[in-house]
Structure formats: C-alpha cells, structure tokens
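Me: I am new to this structure and would like a short tour. Could we take it in questions and answers?

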Amino acid sequence: MMTLPLIAAQVVSRTVEIPDEDTRAWWRATERLSGDDLEGRDTGSPGHARAAEIVARSFERNGLKPAGENGTWLQTLRLDEVAVAKPGTRIAAGGATLRFLHDITLRPSAGMPRTLNAPMAFRGYCGADALGDVRGKVVLCYGWRRAGLTSAAERQDAVEKAGAAGLITIADPGFTVEPTRWPAAYARTMTLPGEAAPAGDRMLVATLNADALPRVLGKGADAARMIADGSAGRPLANADLPGRLVARFDVRTRALASANVLGLLPGTDPVLRNEIVVLSAHLDGYGHGEPVDGDGLYNGALDDAAYVALLQRLAERRGGKGYRRSILLAAFTGEEKGLFGARHFVAHPTVPPGSIVANINLDQIRPIFPLDLLTVHGLDDSGLGDAARRAANALGIAVQRDPEPERNLLRRADHWPFIQAGIPATGFVFGYRPGTESEARYREWYHRRYHKPQDDVTQPMDWAAAAKFNRFFYDMVDIVADADRKPAWRADSPFRPASAAITTAQACPPDAAAVAAVTQAIRGLYVALAREDPARFAEVTSPTFYAYDAGERFKGAELLGLVRKGRQAGMDFEWNPGMINAHVACDMAWASWENVGRAGPAAAMEPVTWLESATLSRRDGRWTIEFLHAGRAKKPN
C-alpha cells in the first residue's frame, strides 16, 4: 500500500445535523473522499491515487477480498490525454476576442489544428443537405439537443464530410432540462492507447456560449432572434459571416495511469457464489479547473464521492458476511472522461468472464429533496427493474421510467458498458413531479453545482431523503444477491442479447461426471504445459481460449509459447493444482483452485503459490477451457 499524507480536511463535519448513525457513517466517508486534500480526485492525479488507497483500506478493513490485478485491490488502465491549455490559447471571431472556457470551449484531439485563420459560415442545424460549399470554412451550427432535427453526431459527420476547417456548435439555452455549463472546467480529452482517432480529429470542434453569439455574428445580425428561433426548432437561414476565426491553440499531450478499486465479498451458496453482482460508483471527479466564484477545486461530493462512500458503508455493514451470490464492489476511475474505468473492466474483467450477472450503479443521485419518486434506468428491461420496484415500494417510493430521455442519462454512466456487453444493469435518479419544489431544487442543482466547485460538502442536503435512498440500496442488493434466480433480460428489451434466449439459469440436473470431466480438463492443461505438448494443449482448450497471467493477456497457444520461451531463457516451472472447486451449470462450468508449485531459474527455483480460476464450456460432450486467470499470491509457509 502507498503512504497517505496525514492531511485533515478544513471543513467542519456536518454529521451533527444527521439524526441516525448509519447516515452519519456514510457522510463521514463522503466528507473524507470530498476533502480538499484529495484535490477533486481527477483521473490519473495524485489526489485520485490517494482516494483509491482510502477506498482499498476501507474494503480491506471490512472483510472484502482483493479483486484487482495480481492479488491487489487495483486494476490499472493507461490513458492518453490531449489538452488545450488556457495560457497560450487565443481565439477571436470577427475581430472580437472570445474568452477561452467562458465564451468558447473545445474538444481537443491529437490531429486538431494548432493555428487557424478561416472564414466563417452559419448553416442552421447543419443537416448535410443545408451545408453547401463550406470547404476550408469554420461552420457555426445551432446545437439542437432534442428529437426531430440533427443530432450532435449527425452535425459533426456532415460538416467533416463537407471539408470544413472547423465546427462551432452554439450551445442551446432553450435546452433547460440540462443547460450547458459555463465556464467549462477545462478542455481535455482522454483516449485509450491505440484507440482509433475520434471523428473530426483533424478539424476544430468547439462549443460557443450563446451569450457570445452577438460578437461572433457582428453588427446588424439579430442574434437574439436566431437564438429564439433555434431554441424553438424553427427554420434558420444560412449566412456567410463577414468575419474570420483567427486562433492559436496551446495543445499539450501526456500519458497517464489511473486505477479502478475492486473488492470481492464472496458468496455463501455453493452454486450461486459463482455468480457475481457488481455494485459500482465512480471515484474520479474533475479536480482543479476554471474557478467559479473564486473556487477552482471541483470536489465532486455528490458526483460521485458520496456513492463510493455508500459502497464503503455497505461493506462496513456486512462486516465480511456474504450474500448467497458474490458481490464485487467497484470504484471505477475515468467516468467523467468517458466511462473509461467501467469500459476497461467490462472488456478485461478480473473475475471469470461470464460470472458477472448484474450491475447496480450509483451515480446521478441527488438527495436534496424528499424521496417519494425514483427514476430507474432500464426499469422494464430486466429483472433488476422488478427488484428496484419491490425495494422502493416497501419504502413508499414510486418508480418511473426516465421522463427526460433526451438527456441520454442511460448512456452517460458506468452501467452503460455492462448493458452493451449484454449484462443486465441499472442506475437511479431522484424523481420529481413537474412544477413542484422538488423540481425547482433539482434544476437549481444542475444549474449551480453540477460539474462545478459548488458540488462540495457544504451544499444543501435532505438527510431523510439520503437515508431513505441508502436503505433502498441496501434492500435492493439483498433482493438481487439472495434471489434464487439471477436477473434476466425481458424478451422485449432492445438491450437483450440474442444469446439471452438460452441461459445458465435453466435447471440442469446435478452431474458428478461433468464435474470430474471439468477437473480432468484443468489438470490436463498443466500436463500440456509441463510437456510443452501442443496437441494435448489443443485437446483441453477451446478455439477461443485466452488467459491472464501476471497481468498480461495470452491468446490460444501463446501461453504454451510463454513457457517454452521461459525455459529457453533458463527458467523452469512446476505446477501442482490442489483441490479444484468446480461448479457446473448445463454446458458451462466455473472452477477455482490453489496451485502450489515452484518457479525461477532452473537451478534455484523458489516456491510459489498461484490463485487460479477458469471458465469451461461443453461442446459435443467434451469440456474445454475458455478462460484462465492466474495470479501469484504468496510463498507458502
């Protein structure tokens, strides 16, 4: 473990305001993660690393098992960042200076221009048929965000294909359900190494504050009328603007690393413990950014420190006591930059693929008014909706589908990568009824605090609502983790994968012969490795076999090649898999075991213990290994 600096937050605790101990304990953890000493927990920052250690220590203290890489609490991912820095950036339109991050902000990309001097053209909503000849021009588009006209992706695609030098989207002030935030905290973009360049990589992609539009359009233009018509979706006339966009961009790049924090609470049921429910929240915040009212530290208290703290509190309440199913608590990184931590975990799980049966994600939760209505993402898509309804109704909370789908909240939080992978997932938003005080508070929060420094531990709270949601969460986890059947997709869900028609939830009779065959296949793998026998290796592995060993992925016979290469370099290996705990469900199987052996230079091998697990499938009556995970644990005593 890293060493934390002993820095106390300079904020007086509000726990004296809270009537019950469970909510006080939750808020104490929230205050710790929201403290100024953690600097807003920006992805890849020292503050985020310190916060990750706090969460890992909490998981360890409360009886969880490390579920990260190589027996640790962490799963590290690497990211590439492109940023446009304020000091060296200058932007002028039609001779008027635009204040970077206040009047205009950018989507940085590696291929974007460093300087630009180009004519400007306004093209309404920027449908492909309305652009005309805009080659080499910077095109202004009205940023309509509701259904019925062009989407952001359609505008960008059309402008790029037309050969424009840049796209500036006018932020729509008429989209009052979630207005664009000004100033922007910063202009930074992250990508995974080797990821394809984003659309429009080589052109300027920017967003303009509607308040700055009169200066961009120049004298004689009716900017107010344009905004009124655009907000209403009325026709907008094209115009070539008299001024030019002249800009210099201070583009900076860097590579960074940031980690998910993962802890496992093993299940107690001999069969259901092989099914894992992931409970998640995101640890990262915005960090340091453009000051608002003199404050440049974006603490991210409700977004999302409070709900990482709720994961910690759940672990504390359980004290190491498992549910029937296993629970994986995940504090993901990189959510604010593009769901990177969740995407990486889903693509590279640290648990056996196929073992994750559901995700309950905590984000977008604002306990600032009474909780009597709860929006449940995916309410009608899977059995998670039924579990949410049951837990909510027992507490007098009504549930509803998302009443504002135009905000696209379903796809903006860490449950989305699970849904994309075919895993039932859900998240929640405090609901309100139109025209009520609750709606006013909700809108005010998004206007004044969302992704701003004002989302800190001093903000107004409804402690009764916070306690009620926490109780709902505990109860829903009880329902899902202890149910006889795992959550299943509904037949009419648009997210239901085709493979969901046949699931391992189907009843299969106990099959001792299958368990024996699974065990034999696993032991056969070590025979093949010891003998460097490709034929035997092919017999016990599937055509799509892959393995994670020492944090690296190996496909097919690459694992056999790794052993051969090691021996050629003077290393040697001995394996002795002990008792194999195998569980069979129809034509799928999961197994785990402790492998006590030796490894190192051939003349001086040292004892090593590996903790290993595998998934297998049965085809044509033969069991083969689909996936193997091996992590070095410790030397035996």
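Me: Start with Arg 188. Which residues does Arg 188 touch, leaving aside its neighbours within four places in sequence?
Reply: This is a predicted model. Arg 188 lies in strand 8, residues 187–191. Its contacts, with those neighbours left aside, are Asp 42, Glu 81, Val 82, Ala 83, Pro 108, Arg 254, Tyr 286 and Lys 337.

Me: Is Arg 188 buried or exposed?
Reply: The cut-off for buried is under 20% relative accessible area. Arg 188 has 18% relative accessibility, so Arg 188 counts as buried.

Me: What is the length of the polar contact that joins the side chains of Arg 188 and Asp 42?
Reply: The side chain of Arg 188 has a polar contact of 2.8 Å with that of Glu 81. With the side chain of Asp 42, the polar contact is 2.6 Å.

Me: Now Asn 595. Is Asn 595 buried or exposed?
Reply: Asn 595 sits in strand 24, residues 588–601. The relative accessible area of Asn 595 is 0%, so the residue is buried.

Me: Which residue's backbone nitrogen lies 2.8 Å from a polar atom of the Asn 595 side chain?
Reply: Not counting residues up to four places away in sequence, Asn 595 touches several residues, including Tyr 526, Trp 575, Pro 577 and Trp 610. Its side chain also forms a polar contact of 3.1 Å with the side chain of Glu 612. The backbone nitrogen at 2.8 Å belongs to Asn 576.

Me: Which residue in strand 17 stands opposite Thr 375?
Reply: Strand 16, residues 373–376, pairs with strand 17 in the parallel sense over 3 bridges. Opposite Thr 375 stands Gln 400.

Terms used. Residues numbered from 1 in each chain as written. Predicted model: local features only at pLDDT ≥ 70, side-chain atom pairs only at ≥ 80, totals over all residues. Heavy atoms only, no water. Helix = DSSP H or I, 4+ residues; strand = E, 2+ residues; numbered from the N terminus. Buried < 20%, exposed > 50% of the residue type's maximum accessible area, 1.4 Å probe, protein only. Polar contact = N/O pair within 3.5 Å; in protein donor to acceptor, adjacent residues only side chain to side chain. Contact = heavy atoms within 4.5 Å. Pairing = 2+ DSSP bridges.
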